[in-house]
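Dear colleague,

Please find below the structure that I am handing over to you. My notes on what was found in it follow directly after.

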Amino acid sequence: ISAEVVATRNHEVTFVDTTDWFCTDEVCPPIVGNVLVMRDETHITVPMALFLQPLVEAAVAPVLN
């Protein structure tokens, strides 16, 4: 995450750390409620994207206004 933060600062863009959206301090669960989280090693499933939509919208709203 630190490399992403540095890169966004160097380009004057906002970074949203989504780690807490997927993981606790102990584990990154493969299923949240009844939603499968990951489609493969780097992509979330469509249901997970829809589940996270309100968080994404709230995270980017301050930058869009």
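A residue is called buried when its relative accessible area is under 20%, exposed when that area is over 50%, and partly exposed in between. Because its relative accessibility is 45%, Phe51 therefore counts as partly exposed. Please bear in mind that this is a predicted model.

**Helix α3**

Phe51 is part of helix α3, which covers residues 46–64. Along the chain, Phe51 and Val32 are 19 residues apart, and their C-alpha atoms are separated by 9.7 Å.

Helix α3 also holds Leu64. With a relative accessible area of 69%, Leu64 is exposed, because the limit for that class is over 50%. Which residues make a nonpolar surface patch with Leu64? They are Val16, Val56 and Val60, and the patch of these residues and Leu64 has an area of about 320 Å².

Thr8 belongs to helix α1, made of residues 2–10. Is Thr8 buried or exposed? Its relative accessible area is 14%, so Thr8 is buried, the cut-off for that class being under 20%. Once neighbours within four places in sequence are left aside, Thr8 is in contact with Val13 and Phe15.

Glu12 is located in the loop between α1 and α2, the latter being residues 19–22. The phi angle of Glu12 is near 55 degrees, which is a positive value in a residue other than glycine.

**The disulfide**

A disulfide is a covalent bond between the sulfur atoms of two cysteines. How many disulfides does the count come to? The count is 1 disulfide, where the sulfur atoms of a cysteine pair must lie within 2.5 Å. The disulfide is formed by Cys23 and Cys28, and their sulfur atoms are 1.8 Å apart. The link of Cys23 and Cys28 is right-handed, with 105 degrees about the S-S bond. Cys23 has a relative accessibility of 18%, so Cys23 counts as buried.

**Points to look at in the viewer**

- Thr8 in helix α1, with its contacts to Val13 and Phe15.
- The disulfide of Cys23 and Cys28.
- The nonpolar surface patch of Val16, Val56, Val60 and Leu64.

With kind regards

Conventions. Residues numbered from 1 in each chain as written. Predicted model: local features only at pLDDT ≥ 70, side-chain atom pairs only at ≥ 80, totals over all residues. Heavy atoms only, no water. Helix = DSSP H or I, 4+ residues; strand = E, 2+ residues; numbered from the N terminus. Buried < 20%, exposed > 50% of the residue type's maximum accessible area, 1.4 Å probe, protein only. Patch = residues over 30% accessible without salt bridge, like charges linked within 9 Å, V, L, I, M, F, W, Y side chains within 5 Å. Areas by Shrake-Rupley, 256 points an atom, 1.4 Å probe, with all protein chains shown as cover. Salt bridge = Lys/Arg side-chain N within 4 Å of Asp/Glu carboxyl O. Contact = heavy atoms within 4.5 Å.
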